Amino acid sequence: MEGIVLGGSNNFFDVEGEDGVIRLCSLKSKRLKTDDGYYNPLAPNDRVEFEVDSLDKLKGQIIEAKERKNKFVRYNVKKRLPQVMACNLDYLVIVTTPDEPPFRPRFIDRALAQAEYENIEPIIVCNKIDLPSSEDIDLENRLEIWEDLGYKVFRLSAKSGEGLAELAECLAEKTSAFVGQSGIGKSSLINALSEGVHLRTNELSSKYIRGTHTTTKGELMRIELKSSLLEDGKRGSASFIDTPGVRRFVLHNIASGDLAYYFREFRPLLGKCTYGLSCSHKCEAGCKIQEAVYAGVIAEERYESWCRISDEIESGSWED
């Protein structure tokens, strides 16, 4: 029977079969075709083939993983291996806040680059928009930069409900993974969008102004969107993957020299510098990317972010 992985860990996964029954399935063999050096062999929304246990109809064994349309990956620093957070996605929903926890635009730029690499359409959601941002951060300027690049940006509050309707209309009938720092409000956001879903949430640490890991493993949920959020009160559903919060998002499989390909405003200029594809875009005369920055075509904030991320890749030292 074929089925969809809802979630799991330690080589045991909840799989929803074609018959609608959810079974706890183990791996029949220790390695699958997708298990090529990754921390986890399967991820939420993987398509698999499995056998039903002859003695227990609520258990089974996974015998094959189907080819993925795409996958969203981060490098797990603790395990020193890449980790697939979700797969077969329509959208990657990158959640941020003006503050509490602090706004970290480079976290978002890393996630955008990884989404570009994996050919997944990203959406940026600024939650807790009802909170004031820190005085030294020009939040709206950053959001407008991403909008000008063609990314969808939503400003909303899961607490007050402001802006939720626009996001619900966008995500209806799609499969989306929610990613962001711990305490950013991913679970609260899913609760606010959903009819009858109540994911556990935690308060921020008052000492460190950062969240705790309320969601400990990724899980695929099929939910009914609140009809009050949809046009004319119509009914609609969506598939959401709530991923564990991360403090450091480390890129996977993107070399420093290739990073510019995944900054979409850099891409049209690559190969046009005086030194062609050998240009580092940091100090050479005749660099078209630096010229675009000086001319205001590429935002200085994005160029600075690219420089910092490129240096992080080269050094192997990543900031929060």
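With 6 of the 6 residues of β8 (residues 91–96) buried, the strand is largely enclosed by the rest of the structure. Its partner here is β9, and the two strands pair in the parallel sense over 6 bridges. Within this pairing, valine 95 sits opposite valine 125 of β9.

Stepping back, this is a predicted model. The protein has 6 helices and 13 strands, and buried residues account for 51% of its 320 residues. Taking contacts between residues at least 6 apart in sequence, 65% of them join residues at least 24 apart.

Helix α2 (residues 139–148) comes next, with Leu139, Arg142, Leu143, Ile145 and Trp146 buried. These residues cover an arc of only 155 degrees around the axis, so they lie on the same side of α2. The background is simple helix geometry: an α-helix has 3.6 residues a turn, so residues three or four places apart point the same way. As for what that side packs against, the buried residues of α2 meet α1 (105–118), β9 (121–126), β10 (152–155) and α6 (300–315). After α2 comes glycine 150, with a positive phi near 100 degrees.

Two packed helices are described by the angle between their axes and the distance between the axes. For α3 (residues 164–171) and α4 (residues 186–193), the axes come within 11 Å and cross at roughly 85 degrees. The two helices are therefore roughly perpendicular to each other. On the α3 side the contact involves Leu164, Leu167, Ala168 and Leu171, which meet Leu189, Ala192 and Leu193 in α4. Sorted by class, that contact has 7 nonpolar residues, no polar ones and no charged ones.

The other pair is α1 with α6, packed at an angle of about 75 degrees with their axes 10 Å apart. This pair, too, is therefore roughly perpendicular. Here Arg106, Asp109, Arg110 and Leu112 of α1 meet Arg302, Ser305, Arg308, Ile309 and Glu312 of α6. The residues of this contact divide into 2 nonpolar, 1 polar and 6 charged.

Leaving aside residues up to four places away in sequence, glutamine 114 touches Phe72, Val73, Phe249, Leu251, His252 and Ile254.

Glycine 257 is a contrasting case. This residue lies in the loop between β13 (237–242) and α5 (288–294). Its relative accessibility is 67%, so glycine 257 counts as exposed, the cut-off being over 50%. Glycine 257 and leucine 277 are 20 residues apart in sequence, and their C-alpha atoms are 9.2 Å apart in space.

Conventions: Residues are numbered from 1 along each chain as its sequence is written. This is a predicted model: local features need pLDDT of at least 70, side-chain atom pairs count only at pLDDT 80 or more; totals for chains, interfaces and linings use all residues. Side-chain values use heavy atoms; hydrogens and water are left out. Buried means under 20% relative accessible area, exposed over 50%, partly exposed in between (1.4 Å probe, protein chains only). Helices (H or I, at least four residues) and strands (E, at least two) are DSSP runs, numbered from the N terminus. The arc is that of the directions from the helix axis to the C-beta atoms. Contact means heavy atoms within 4.5 Å. Axes are lines fitted to C-alpha atoms, for helices over the stretch in contact, and angles run from 0 to 180 degrees between N-to-C directions. Angles under 35 degrees count as roughly parallel, over 145 as roughly antiparallel, 65 to 115 as roughly perpendicular and the rest as oblique. Ala, Val, Leu, Ile, Met, Phe, Trp, Tyr, Cys and Pro count as nonpolar, Asp, Glu, Lys and Arg as charged, and the others, Gly among them, as polar. Two strands pair if DSSP finds at least two bridges between them.
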